[in-house]
Amino acid sequence: MSITMHNGPVQTARSLAARSFVLGYGVLAYLIFFVTFLYAVGFIAQLVVPKTIDSGATGSTGQALMIDLALMSLFAVQHSGMARQGFKKLFAAFASPALERSTYVLLASLSLILLFWQWRPITAIVWEIEMPMAAYAAVAGSFAGWLIVLYSTFLISHFELFGLTQVVSHFAGRLTEPMKFRTPGLYRLIRHPIYLGFIIAFWSTPIMTFGHMLFAMVTTAYIFVGIWLEERDLVTLFGDQYRHYRQKVAMLIPGLF
Ligand SMILES: C[S@@+](CC[C@H](N)C(=O)[O-])C[C@H]1O[C@@H](n2cnc3c(N)ncnc32)[C@H](O)[C@@H]1O
């Protein structure tokens, strides 16, 4: 009986090439996310980066409003649409599930990069903190918000959130376990520390322009919509475990809501 060995090495090479592509795609998506995250800090805090929330070509206020709202809507539709279970199932019908999270992260990063690039500033001032110490405290508050975001992602599994765990497991030929429900650290105090960190980062500023306030208001409203959608999925995934958690632990501010 002859065993056709000639396909063995070819199949092995093909499988290795396919797994290497998935790994490379995931690593690239993660790196683009991380650079985008760092740029977002500078964009909001108006530090270091060339284009910030209050810099760049200004047009008429009406035109700026339309463009800015369109940019934020594009991000919201992608960010929420692709996060739903229905999209994940559809994606898995066409591509390796290992690629789903990295594709989500990549497209979210690209829509943010478009927002940074095309954002129209509206520089009328809503508030300006004159006292230097208070102004510094506001800037520090914004950075504290970003740190809460980053720290909280590591509490529930940073690398899984941003797709790296999935592509590394796929490369190693391991099955990726579904994301586990965790309540470490801040998650014992509030259900959504990442979103709280974003809200603090967006609102804590010494100079609040109309354009910055538009961004903070729309993203805050979107966060509440996102929480509603996300918790609906979490109840579907984890049932009473999440229901009990939701009864015991505040959404964003302990003791309040
Ligand atoms: C960007 S994270 C935001 C998590 C949370 N809403 C927060 O603000 O900290 C969204 C992902 O985290 C997952 N997630 C939310 N709460 C979680 C928890 N306690 N443990 C594990 N995953 C969680 C959601 O299912 C979703 O896939």
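A polar contact is a pair of N or O atoms within 3.5 Å; within protein, one atom must be able to donate a hydrogen and the other to accept it, and residues adjacent in sequence count only if both atoms are side-chain atoms. This is a predicted model, in which local features need pLDDT of at least 70 and side-chain atom pairs count only at pLDDT 80 or more, while totals for chains, interfaces and linings use all residues. Residues are numbered from 1 along each chain as its sequence is written, and side-chain values use heavy atoms, with hydrogens and water left out.

**The ligand**

| Residue | Atom of the residue | Atom of the ligand | Distance |
|---|---|---|---|
| His192 | polar side-chain atom | nitrogen | 2.6 Å |
| Pro193 | backbone N or O | oxygen | 3.4 Å |
| Glu230 | side-chain N or O | nitrogen | 2.5 Å |

Taken alone, the ligand exposes 560 Å², and the protein buries 88% of that. Such areas come from the Shrake-Rupley method with a 1.4 Å probe; for residues, only the protein chains shown count as cover.

The shell around the ligand includes Ile156, Leu161, Lys180, Arg182 and Tyr195; a residue is near a molecule if one of its heavy atoms lies within 4 Å of it. By class, this shell has eight nonpolar, one polar and three charged residues. Here Ala, Val, Leu, Ile, Met, Phe, Trp, Tyr, Cys and Pro count as nonpolar, Asp, Glu, Lys and Arg as charged, and the others, Gly among them, as polar. The helix α9 gives the most to the shell, with three residues. Helices are DSSP runs (H or I, at least four residues), numbered from the N terminus.

**The core**

A nonpolar core is a set of buried Ala, Val, Leu, Ile, Met, Phe, Trp, Tyr and Cys residues joined through side-chain atoms within 4.5 Å. Buried means under 20% relative accessible area, exposed over 50%, and partly exposed in between (1.4 Å probe, protein chains only). The largest such core has 49 residues, of which Leu115, Trp119, Trp146 and Phe215 touch the most other members. Its largest share, eight residues, comes from α1. Leaving aside residues up to four places away in sequence, Leu115 touches Phe43, Leu71, Met72 and Phe215; contact means heavy atoms within 4.5 Å.

**A loop**

Gln46 lies in the loop between α1 and α2, and Val48 is also placed in the loop between α1 and α2. Neither is a glycine, yet Gln46 has a positive phi of about 60° and Val48 one of about 70°. Gln46 is partly exposed, at 32% relative accessible area, whereas Val48 is exposed, at 86%.

Technical notes
Helices (H or I, at least four residues) and strands (E, at least two) are DSSP runs, numbered from the N terminus.
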